[in-house]
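Please keep the structure in view while reading the points.

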Amino acid sequence: MLRFFILFSLFLHSCVAAPKTPAAAAAVPAKKWLTLNGQEPAVVARGGFSGLFPESSAPANDMAVSTSSPGLTMLCNLQMTKDGVGLCLSDIRLDNATTISSLFPKAQKTYKVNGQDLKGWFVLDYDADTIFSNVSLVQNIFSRPSIFDGQMPVSAVEDVLGTKPPKFWLSVQYDAFYMEHKLSAAEYLRSLRFRGINVISSPEIGFLKSIGMDAGRAKTKLIFEFKEPEAVEPTTNKKYSELQQNLAAIKAFASGVLVPKDYIWPLDTAKYLKPATTFVADAHKAGLEVYASGFANDMRTSFNYSYDPSTEYLQFVDNGEFSVDGVITDFPPTASQAITCFSHQKGNLPKAGHALVITHNGASGDYPGCTDLAYQKAIDDGADVIDCSVQMSKDGIAFCHDAADLTASTTAMTTFMSRATSVPEIQPTNGIFSFDLTWAEIQSVKPQIENPFTSTGFLRNPANKNAGKFVTLADFLELSKEKAVTGVLINIENAAYLASKKGLGIVDAVKSALTNSTLDKQSTQKVLIQSDDSSVLSSFEAGPPYTRVLSIDKEIGDAPKPSVEEIKKHADAVNLMRTSLVTVSQSFATGKTNVVEEMHKANISVYVSVLRNEYISIAFDYFSDPTVELATFIAGSGVDGVITEFPATATRYLRSPCSDLNKDQPYAILPAEAGALLSVADKEAQPPASAPNPPLDAKDVIDPPLPPVANMASSNGTGEGPPHTPPPSSGTGATAANLSLSLLAMMALGLLYTA
């Protein structure tokens, strides 16, 4: 145990900035809040940092205080043992949050709780010594880290109070049940003399009334908790929806109310926000504070939030109409940054750093990638550089699309399945390729929002699944000039294949488009030319002062000098995978490479890709929070740009003063320290060490010269000029037909397998 706390102290030291002085805090301009008392909304940590560690464990409580804004409130859910000792546990049953079931496998019981039969291992069946001596905590939400399970003891209420949190909130959920079994939460509180308890909440009116005088003398705030509308309150036997109709009556025994967040911002059946209710306004009118519960970074909420948890908090505290007085959260650092750093961040604030926000297919997290709507959203979100991955149609039109294969991000499969072919030079699977369809044919299909995590059930903005229209390269460049974006990134792939096999000169098409747009004759907008082919980049060497970006689409662990020198011959910047900068194993950040430093020594800029908001793509070390991941790469690794599908999240971070670690301020968004979180777990619980990423080989940088563009017209004897392709021979036709039949067969087998 001593080793555990030593490691934990090191972890906190590596991650947490030094506390700011009161003078520094006073220098920050005061914000105007629409809370009941005009003060900043409270951040209430449910069981400490329970999004990472088992609820109310010592590390969860310490981590919550150390990573959150000053004034944090620590919430403990009170449960009572057979001998009247108060514990901090989320439920009256021990089995979901502790190791009790493996220790006493035959001790399961059934009790009637608030009119319902519940089965499990109940706290009140054990004395405190049995629990403290034998039982340890586990994470009670299975998507969260399990490597800390079985290592931490259950905390008594006095244990948490003894750490002297800034504020302490005790939640008493089951007083009526405990009273039936001759245990009294009220008497327990009187034994503590309410000392150190700032807030007490309960969903039971009778309990709050019974402690009203004692709480008043101790200046402890009482909060009435609303359960789901159809649930029944034990004292009055009325539904909570009925009690909601008379908030003035609640003011007689409580100073505030706690409600599930959908009491305030309900969702429709498709998981989009409905208009806000009048609950906050009604409660404030009655003189009641309003606290909202149910916030967590790793739970799917409204699509309106684009998987960004900070956006959800802002919806409750900074919507221009009202603000809740506090939020109950499993991830207190995220709530802290939303309230302290992002609230009231209006207008086009200057960025705190030099890092560029570069899109990946526009704002492709919200709209189908590379469409007019995705680009417009990216511009509205403040992206510095919008990108176009150039593809070619059969008749030589250059347009923006993520890949030459149209199957994943368009509805081409429904119309052109018979045109599916195999092109092993581009990808191992069959596809419907843009260079086999005319521009008119491509325009006849709809864009389709691409979901990188479809297999896990994560959808992206289904209401706009097929919204927008395809954009030609010429239109894309015209839009960038019209909207005066800082720059554009043109990504060129498959140049050698298109030239030699399809008679399509993609490099020439890009150069021509840039010339026609006059972007080759100006210096106000950046033009980045990106490719994974060094020969493509070399073909732009003699032209205007473009920034050439080498895309390295494999994980690397080091950048030896010969490799860097070879890159320098062809490129001014590199686009690297996230795991080439911070290595990750089983969702834990395990280490940091020196690749950025080696590139910077050679004056090569580093962009990192692809950043996404979905929490399943984010390491636990980043608190399931895309903003902390941004801070880790920008402030921690010093990258020159981030390539993201959600530019709004990145620009909001960079425009916040909290992103500048050199500023003297009361709170800062800090980068994660790779490996620190993993080191907190017992050695035997840690995942096995993975092999390090290989260093970048200079040979991997060098590509053969681009072949000349084949004259497909002369080879087929039609007399028509390029870029038309020859009609298929009988053998080619048979192959295409066989491929089409194979694809149909595979789809049928897939359907059978699914069934």
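1. **A strand with two partners.** Threonine 359 stands opposite threonine 644 in strand 22. Helices (H or I, at least four residues) and strands (E, at least two) are DSSP runs, numbered from the N terminus. Strand 12 (residues 356-359) pairs with strand 22 in the parallel sense over 4 bridges. Two strands pair if DSSP finds at least two bridges between them. Strand 21 (residues 605-611) also runs parallel to strand 22, over 3 bridges. There, valine 608 has valine 642 as its bridge partner.

2. **Sides of strand 22.** Gly641 and Ile643 point one way from strand 22 (residues 641-644), while Val642 and Thr644 point the other way. All four are buried; buried means under 20% relative accessible area, exposed over 50%, partly exposed in between (1.4 Å probe, protein chains only).

3. **Basis of the note.** This is a predicted model: local features need pLDDT of at least 70, side-chain atom pairs count only at pLDDT 80 or more, and totals for chains, interfaces and linings use all residues. Residues are numbered from 1 along each chain as its sequence is written, and side-chain values use heavy atoms, with hydrogens and water left out.

4. The unreviewed UniProt entry places "domain: GP-PDE" on residues 41-339 and 355-654. UniProt positions are in the numbering used here, feature names are shortened, and annotations may be inferred rather than shown by experiment. Residues 41-339 are 28% helix and 19% strand, with end C-alpha atoms 7 Å apart. For residues 355-654 the figures are 30% helix and 19% strand, with the end C-alpha atoms 8 Å apart.

5. Which side chain of opposite charge is nearest to glutamate 233? It is lysine 238, 8.6 Å away. Lys and Arg count as positive and Asp and Glu as negative; His and the chain ends are not counted. A polar atom of the glutamate 233 side chain lies 2.6 Å from the backbone nitrogen of threonine 236. Beyond four places in sequence, glutamate 233 touches residues including Pro203, Phe224 and Tyr240; contact means heavy atoms within 4.5 Å.

6. **Salt bridges.** The structure holds 30 of them. Arginine 217 and aspartate 214 form one, at 2.8 Å, N to O. These two are 3 residues apart in helix 10 (residues 212-217), so about one helical turn separates them. Arginine 217 is exposed at 59% relative accessible area, whereas aspartate 214 is buried at 18%.

7. **A bridge across the chain.** Aspartate 384 and lysine 351 meet in a salt bridge of 2.6 Å, N to O. The pair links distant parts of the chain, 33 residues apart. Aspartate 384 lies in the loop between helix 16 (372-380) and strand 13 (385-392), and lysine 351 in the loop between helix 15 (332-342) and strand 12. Aspartate 384 is buried at 10% relative accessible area; lysine 351 is partly exposed at 26%.

8. **One more pair, and a network.** Aspartate 381 and lysine 377 also form a salt bridge (2.8 Å, N to O). Salt bridges that share partners join Arg46, Glu55, Arg144, Asp298 and Asp330 into one network.

9. **Backbone points to check.** Most residues other than glycine have a negative phi, and most peptide bonds are trans. Serine 56 has a positive phi of about 60°, in the loop between strand 1 (42-46) and helix 3 (58-67). Serine 56 is buried, at 1% relative accessibility. Serine 624 has a positive phi near 55°, in the loop between strand 21 and helix 25 (626-636). Serine 624 is buried too, at 6%. The peptide bond from serine 609 to valine 610 is cis, with omega near -15°. Valine 610 is found in strand 21.

Terms used:
Salt bridge = Lys/Arg side-chain N within 4 Å of Asp/Glu carboxyl O. Polar contact = N/O pair within 3.5 Å; in protein donor to acceptor, adjacent residues only side chain to side chain.
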